[in-house]
Amino acid sequence: MTALGGPWESLLDSARTYPSPHNSQPIRVRVVDDATAEVFYDLDRGLPAENFGIPFGHVCAGVFLESLRVVAASEGYEVTERLAHLDMDFDAADRLHPIATVTLAPRAASEDDARLRAAFDRRRTNRRPYEGRAVPDADLDAVREAALGAGHTFATSTDADVVADIIRVNQETLFDDLRNDAVHAEILEWLRYSETEAIAKGDGLSASAMLMPGGALRFAMQHPGMWDAPVLGWIIKQIYLRTMRGVAQVGWFEGPFAGPADYLEAGRMFMRSWLELTDRGVALHPLGTVITNPRSHAKFVEVAGVDEKPPRMAWMLVRLGYAKTPPVAHRRPLDQMVIS
Ligand SMILES: Cc1cc2nc3c(=O)[nH]c(=O)nc-3n(C[C@H](O)[C@H](O)[C@H](O)COP(=O)(O)O)c2cc1C
């Protein structure tokens, strides 16, 4: 790759570890000059089969912009954004959906910038079993503040029945999604059954990140009919539920979620919250599929007692707590993110 202008190479090389649904890494960047770059969402890396594929596409763009802001701030730059806020269309002829033009201006990095950057570098999705303890209330204040600042609320529950119900709904979601042919085909595209394949492709959901033996994951995912078989279905369910042990707390974000601007701001706030939790040593696992699967969403709203009044929606559900460090999810090299 030819060297990028100004600080972009260093900034983008760090920011490319932003999280994305199915680790599809849809954000692409064209560097215009030393101070300016254009940010796009690559529609070929989107998840069109998912109900909410488009809203979560914009959410992911917000997650990226917050990631870039944190990385740039720690390296002495303030980012100014000119946001496009265009409706996304997975069938568009131009596969690069414009998100924003971003501009860098020098600004001294503060201690807080360094703190958030350290959290950014450490952040991972944690799908391991959790240690059965809830997060102290004071450690959730920063998340509540981040949510309120964006017009959202962050609610949590440590009620054992609510937690158990949500873990069950999440597991049922996986089984239900596989019965939908389009969603099933889409998940298959992003699964990586061996570490060699995960490293070579640098994207997707690897067996190790999912804490499943590669062979078992391949068999289970390629034969979804088996999931309804009494014995085999039960075994698959137990393997999956083993990773969900020890969950003592779930949380959800609720707020305006009715158009590109809402989705993007929600994503930005979600990333900020994730970093605040990481900074406090809290593990997090987004359970986004419970939101995007309509049947699961309805069950979740009922279990959690959420009163959704449009344009407000409970748009993200997470489990949170404490757990061992999870495996790393691989990323594509910088030259595949940058548009030359
Ligand atoms: C908006 C959003 C929704 C997500 N939803 C889920 C989900 O439903 N289930 C899941 O296991 N991981 C989910 N993830 C986590 C991604 O799969 C994860 O970020 C990606 O694989 C990269 O791994 P990392 O977070 O460890 O870097 C979600 C992430 C984002 C940003």
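The shell around the ligand comprises 10 nonpolar, 6 polar and 2 charged residues, where Ala, Val, Leu, Ile, Met, Phe, Trp, Tyr, Cys and Pro count as nonpolar, Asp, Glu, Lys and Arg as charged, and the others, Gly among them, as polar. The model is predicted; local features require pLDDT of at least 70, side-chain atom pairs count only at pLDDT 80 or more, and totals for chains, interfaces and linings use all residues. Residues are numbered from 1 along each chain as its sequence is written.

In total, 18 residues surround the ligand, a residue being near if its C-beta atom, placed from the backbone, lies within 6 Å of the molecule. The closest are P19, N23, T125, G288 and A329. Helices α2 (53–74) and α11 (288–292) each supply at least two residues of this shell, and α2 gives the largest share, 4 residues. Helices (H or I, at least four residues) and strands (E, at least two) are DSSP runs, numbered from the N terminus. Because domain 1 (8–124) and domain 2 (137–321) both contribute residues to the shell, the ligand lies between them; the domain bounds come from an automatic or database domain assignment.

An open sheet is formed by 4 strands in the order β5-β8-β10-β9, with antiparallel pairing; two strands pair if DSSP finds at least two bridges between them. Strands β5 (153–157) and β9 (283–286) stand at the edges with a single partner strand each, so one side of each has no neighbour in the sheet. Strands β8 (residues 250–256) and β10 (residues 312–321) run antiparallel and are joined by 7 bridges. The bridge partner of G251 in β10 is V318.
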